[in-house]
Amino acid sequence: MARFMYEGRDSRSIRRGTVTATNKRDAAIKLKNEGIRVVSLVEQKETVLTKDITIGSPVKRDQLIMFLRQFSTLLQAGVTIVDAVRILAMQVEQPAFRKILTLVQEDLRTGTPLSDAFAKHPKVFEPLILNLIRAGEVSGTVDESLDQLADHYEKAYRSRQKVISALSYPIVVGIISVGVVIFLLSFVVPMFVEMFDSIGGELPWLTMFVLKASDFVQSYWYLLGLIAAAVVIGILLIRNNPQGKYMLDSIILKLPIFGNIVQKSSLAMMTRTLSSMFSSSVPILQSLAMTEKVVGNSVISKVIGESRESMERGGSLTQPMLNHWAFPPLIPHMIAIGEETGSLDSMLSKVADFYEKEVEAATDRLKALIEPLMIVFLAMIVGTIVLAIMMPMFSMFEQIDSL
């Protein structure tokens, strides 16, 4: 898509502005359809100032959920698909998302199916969205497909936010603890060095340790920043490597307490996605391939890939899951029952509900437990430094009393 600056006339006045189209001819036709007789039409080259710069998806997950929910509501109210997209495009706050919806609206006006119009913008509309909408277009239930997508993403989003909230608290407190320690060692402890020198005698080992730590922080403070940057860059480089990401994901899943929460969250995402796919009659191999990409954990993703390959060879869907430590027996057992009874989507939905409730309960318990523990941890660190400063002062006060 390109942007064109135009000047023209309608029945009332001179019109100037910009129009988006695939080429100059389409832009002229679009303006003509709007009743504008084109005088000049010039393509506007994108610059750093005019180009939309987005990193990752141009729309946040909660805004996508709201869009899908509102889209479904408008269709159920009898609004046409084209008008519904136009109405929602006017309500969207993000310029990049508004532009995408405008392009989708233009494609729809030319007779392009909704799924194909969405497929031109893969950063926003994932394969799951496209497949469920295609299924809705075939059955004439696009509104139900959109509502199902909104439910799917909302439940996944809520579960993910619970995990992020539980994991972010100790990380934030840890960063604050490091900042407090660096501040005390850099600015507070040096204020007492001269006083300790005047006291003379041998200082307690704890005080000596704190003083040496203070000297190190003041002399080599830049090393702390370099170490932190090196750790962050190292983790990013490892995660960008498939083998490194698999190793990190394995370590995370095996962590005490936190690993169990991440595991259940990933399994909930997997079963919820598969359930949505199967309920929309998406072929099982295609469903597994797409779930493999969206589950978010390399260990779980690899097992899904092995299950897909097993089915391609005529084997069992559950065999790779039965032999893997990351999959509890509940999942292959419920899948096997679903296959036997012909209700695989329903069984997977029940498993997803179960794990989502488990994640919610586990994160609530963790937050209730970890808050006092982190407060005690921070108090112990600060208290140790304060005690190291106060111990020589107690000795000085004892000497004064003895005189």
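Phe71 is in contact with Ile81, Ala84, Val85, Leu88, Leu114, Phe118 and Leu146, leaving aside neighbours within four places in sequence; contact means heavy atoms within 4.5 Å. This is a predicted model, in which local features need pLDDT of at least 70, side-chain atom pairs count only at pLDDT 80 or more, and totals for chains, interfaces and linings use all residues. Residues are numbered from 1 along each chain as its sequence is written, and side-chain values use heavy atoms, with hydrogens and water left out. Helices are DSSP runs (H or I, at least four residues), numbered from the N terminus.

**Nonpolar cores**

- A nonpolar core is a set of buried Ala, Val, Leu, Ile, Met, Phe, Trp, Tyr and Cys residues joined through side-chain atoms within 4.5 Å.
- Buried means under 20% relative accessible area, exposed over 50%, and partly exposed in between (1.4 Å probe, protein chains only).
- The largest nonpolar core has 36 residues, and Phe67, Phe71, Phe118 and Phe125 touch the most other members.
- At least two residues of this core come from each of helix 2 (61-76), helix 3 (81-91), helix 4 (95-109), helix 5 (114-119), helix 6 (127-139) and helix 7 (142-188).
- Helix 2 gives the most to this core: seven residues.
- Another core, of 34 residues, lies apart from it, with Phe278, Ile304, Leu317 and Val359 among its members.

**Aromatic pairs**

- Rings of Phe, Tyr and Trp (its six-membered ring) pair if their centres lie within 6.5 Å; planes under 30 degrees apart count as stacked, over 60 as edge-to-face and the rest as tilted.
- By this rule there are 10 aromatic pairs.
- Phe67 and Phe97 pair edge-to-face, at 5.4 Å centre to centre and 75 degrees between the planes.
- Phe67 is in helix 2 and Phe97 in helix 4, so their pair ties together parts 30 residues apart in sequence.
- Both Phe67 and Phe97 are buried.
- The ring centres of Phe67 and Phe125 are 6.3 Å apart and the planes are at 50 degrees, so this pair is tilted.
- This pair links distant parts of the chain, 58 residues apart: Phe67 is in helix 2, and Phe125 is in the loop between helix 5 and helix 6.
- Phe125 is buried, as is Phe67.
- One aromatic cluster is formed by Phe67, Phe71, Phe97, Phe118 and Phe125.

**Largest pocket**

- On a 1 Å grid over the protein atoms alone, a pocket is an open set of points where a 1.4 Å probe fits, with protein on both sides within 12 Å along at least five of seven lines; lining residues have an atom within 4 Å of a point.
- The largest pocket has a volume of about 1500 Å³, where volume is the space filled by probe spheres set on the points.
- It is lined by 41 residues, of which Arg160, Val163, Ile164, Leu167 and Arg239 are the closest to its centre.
- Helix 7, helix 10 (221-240), helix 11 (242-254) and helix 12 (258-279) each supply at least two lining residues.
- Helix 7 has the largest share, with 16 residues.
- The lining divides into 22 nonpolar, 12 polar and seven charged residues; Ala, Val, Leu, Ile, Met, Phe, Trp, Tyr, Cys and Pro count as nonpolar, Asp, Glu, Lys and Arg as charged, and the others, Gly among them, as polar.

**Individual residues**

- Arg308 lies in helix 14 (residues 298-312).
- Arg308 is buried, with a relative accessible area of 18%.
- Not counting residues up to four places away in sequence, Arg308 touches Leu285, Leu288, Ala289 and Glu292.
- Ile257 is in the loop between helix 11 and helix 12.
- Ile257 is not a glycine, yet has a positive phi of about 65 degrees.
- Ile257 is exposed, at a relative accessible area of 52%.
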